[in-house]
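Please open the model in your viewer and keep the sequence panel beside it.

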Amino acid sequence: MSESFLASLKRDFPADFLSQKPADLEKYGKDWTKVYAPKPSIVVFPRNTDEVVRLVKLCAQNHMPLVPSGGRTGLSGGAVAANGEVVLSFEKMNQMGPVDVLAQTVRVQAGAVTEAVHQHCAPHGLTWPIDFASKGSSHVGGNIATNAGGVKVIHYGMTRNWVLGLQVVTMNGEVLELNGSLEKNNTGADLRQLFIGSEGTLGIVTEAILKLTRVPRQLDVFFFAVDDMSSVLKLFLEARRAPFTLMAFETLTHNCLEAVQDHLKLKSPFTQKYGAYVLMEVERPDSENAQTVLDQWLEGLFEKGFVHDGTLAQSPREARDLWSLREGTPESIYHRGLLHKNDISLPISSLEAFVRDMTEMYASQHSGLEVYLFGHIGDGNLHVNTLKPAEMDREVFLAQCVEADRALYEIIRKYHGSISAEHGIGLLKKKWLDYTRAPAEIALLKSLKQVFDPMNLLNPGKIFD
Ligand SMILES: Cc1cc2nc3c(=O)[nH]c(=O)nc-3n(C[C@H](O)[C@H](O)[C@H](O)COP(=O)(O)OP(=O)(O)OC[C@H]3O[C@@H](n4cnc5c(N)ncnc54)[C@H](O)[C@@H]3O)c2cc1C
């Protein structure tokens, strides 16, 4: 970083705009992946769009690369700054405007924390339905840049569906107001959608108009025990046909449940071990006989014989405890040792065959690796994690994971799935991008990057080189 660039930053921005403290460089230069050593030159904390515009222009003049950084909960290294970049933290851009109850929208700055948006809208009976375990830290800007999914996608869809308007600062310092708060606007290609999911490589999201929906009525949370993925999918079919609204349909294998029990000291609802579990959340039917409807459905389900046990939360606290069994899974297996993660998706109709092939592949080619499987099964999204065996050397494990990934991605390709369902590509998955995106597509994506960021200064090296 040149002295003149630093002097301009100090001269043109407020005193608390930047930090070069080693602790800040370490903290803001990385994300949750924790596998890349952070090495930014500086961290800056704008408070408004004007400061972002002035910063971008200064960076462009000085050829300084910029990494947008939200809550740093990303799991693909998208917000990592490992090469002397400027980290643009949105921590101080967290203002939220008034909730428009008629239009059911709210305008927020990119650094608004996901859960804070929920709390801001709840008194109006409204919510922004992007919901997952990291919502207490992740930012709206990060959610938009990753097109985040989560535990309610089966009902609400991805973040993309819940963004009406975007304010984006481009690398030439222009401020784009895309779509405003319009529900309908068929005036050519929708640029807003290009920025959603582009992992901060095409433009900087500074504000967003979020689309809201009503807070659901009473939610019932079930936890079921079954044998295997085939039974999980049978249960899914029953749930899809049921007389209630399915809000979440999540699964985990027994070793995931054990990890949560060990780490979070939570109890399994069951006395026996089973092959797989399903957490299901439903919105109670809006009728007086809702309880009878649920009871009848449950009775019919158990009569079919493939669900071995099940429990229905009797209080909000019990519901939270059941959710913790699923949401505590990533953190709990992470505590068991060195973990290799995959976040993949398949067409739902191919899930059973895929899991069969995948299980066979690990058993025959990588039997030393223990697979922890959990995920948003109702969306065809599985988190496939492997843990380093205690006796295995770290380097041997990492090399074996590369081989196992290659075999896994071949199976994904066979079933027309995706190597990254919701965590993005970032640094972590870029060498595998062509398992899901065709060469012609990648060439077009590279041309787009050239249009929006000809000097390759915005989050360089993410998604592709
Ligand atoms: C325990 C845990 C559970 C999780 N569960 C889920 C889940 O269920 N579903 C899911 O989808 N994800 C999940 N994640 C991943 C992560 O929380 C999401 O990807 C989230 O959307 C990232 O938001 P963030 O603010 O932390 O972004 P960051 O990690 O800070 O950044 C992510 C990407 O967005 C870019 N970016 C950030 N802000 C901006 C901006 N204003 N403008 C342009 N680009 C920007 C960054 O450069 C980076 O490329 C989970 C993570 C953890 C740790």
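Begin by colouring domain 2 and domain 3, whose centres, taken over C-alpha atoms, are separated by 30 Å. The bounds to select are 105–214 for domain 2 and 219–330 for domain 3, while domain 1 covers 3–89 and domain 4 covers 337–423; such bounds come from an automatic or database domain assignment. Before going further, note that this is a predicted model, in which local features need pLDDT of at least 70 and side-chain atom pairs count only at pLDDT 80 or more, whereas totals for chains, interfaces and linings use all residues. Residues are numbered from 1 along each chain as its sequence is written, and side-chain values use heavy atoms, with hydrogens and water left out.

Next, select the residues that join the two domains: eight residues of domain 2 are in contact with 12 residues of domain 3, contact meaning heavy atoms within 4.5 Å. About 820 Å² is buried between domain 2 and domain 3, and carbon and sulfur atoms give 56% of that area; buried area is the accessible area (1.4 Å probe) that two parts lose on being put together, summed over both.

Now show the side chains of Glu283 and Arg214, which meet in a salt bridge at 2.8 Å, N to O. The rule finds two salt bridges across the interface of domain 2 and domain 3, a salt bridge being a side-chain nitrogen of Lys or Arg within 4 Å of a carboxyl oxygen of Asp or Glu. On the side of domain 2 that touches domain 3, the largest share, three residues, comes from helix α6 (residues 153–156); helices (H or I, at least four residues) and strands (E, at least two) are DSSP runs, numbered from the N terminus.

Select Met247, which has its place in strand β12. Met247 counts as buried at 1% relative accessibility, where buried means under 20% relative accessible area, exposed over 50%, and partly exposed in between (1.4 Å probe, protein chains only). From Met247, draw a distance to His155: the two are 92 residues apart in sequence, yet their C-alpha atoms are 5.2 Å apart in space. Not counting residues up to four places away in sequence, Met247 touches residues including Ile154, His155, Tyr156 and Glu283.

Then move to Thr127 in strand β6 (residues 126–127), which counts as buried at 15% relative accessibility. Leaving aside neighbours within four places in sequence, the contacts of Thr127 include Arg214, the residue whose side chain meets Glu283 in the salt bridge.

**Helix α9**

Select helix α9 (residues 254–264), whose buried residues are His254, Asn255, Cys256, Leu257, Ala259 and Val260. Among the elements covering these buried residues are β11 (219–226), β12 (245–253) and β16 (370–376).

Most residues other than glycine have a negative phi. Select His63, in the loop between α3 (49–61) and β3 (66–69), where phi is near 50°, a positive value. Finish at Asn459, in the segment after α15 (439–452), with a positive phi of about 45° although it is not a glycine.
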